Amino acid sequence: MRRACGAGEVKQRGEKQVRKEKWKKTDLDRMLAGLSANPVKFLRSEGYPLRIIGNGGYEACLVGMQPLIGSEHAGIYRYPGGDCCHGLEEIRSGCGFA
């Protein structure tokens, strides 16, 4: 539905609603929505431990996911002094499991 806005301009009503109807969710969109809902659960299924001992012997807990280039990602672990990202290879080679 259109209405005149003066000076020859034409404005669309309900433009956002029309865009939402045209846009359909794909499988990738559904997967990304699931990741954003619970990234810790996704990382646990990938093999990331819930708790590790690293960075000088401090215990850390898995709290989130950091997307990297392409489809790669790393786990965000919370230490007493702040957060730190660890890849799965780094955890398996250097960190201990709590």
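Modeller: A salt bridge is a side-chain nitrogen of Lys or Arg within 4 Å of a carboxyl oxygen of Asp or Glu. The model is predicted, so local features need pLDDT of at least 70 and side-chain atom pairs count only at pLDDT 80 or more, while totals for chains, interfaces and linings use all residues. Residues are numbered from 1 along each chain as its sequence is written, and side-chain values use heavy atoms, with hydrogens and water left out.

Arg51 and Glu59 are joined by a salt bridge between their side chains, at 3.5 Å from N to O. Relative accessible area is classed as buried under 20%, exposed over 50% and partly exposed in between (1.4 Å probe, protein chains only). Arg51 is partly exposed at 40%, and Glu59 is partly exposed at 43%.

Arg51 belongs to strand S3, residues 51-54; strands (E, at least two residues) are DSSP runs, numbered from the N terminus. Strand S4, residues 58-67, runs antiparallel to S3 and is joined to S3 by four bridges; two strands pair if DSSP finds at least two bridges between them. Ala60 in S4 is the bridge partner of Ile52. The two strands form a hairpin with three residues between them, and Asn55 in the turn has a positive phi of about 50°.

A search of the whole structure finds two salt bridges. Besides the pair described above, Asp83 and Arg78 meet through their side chains at 2.7 Å, N to O.
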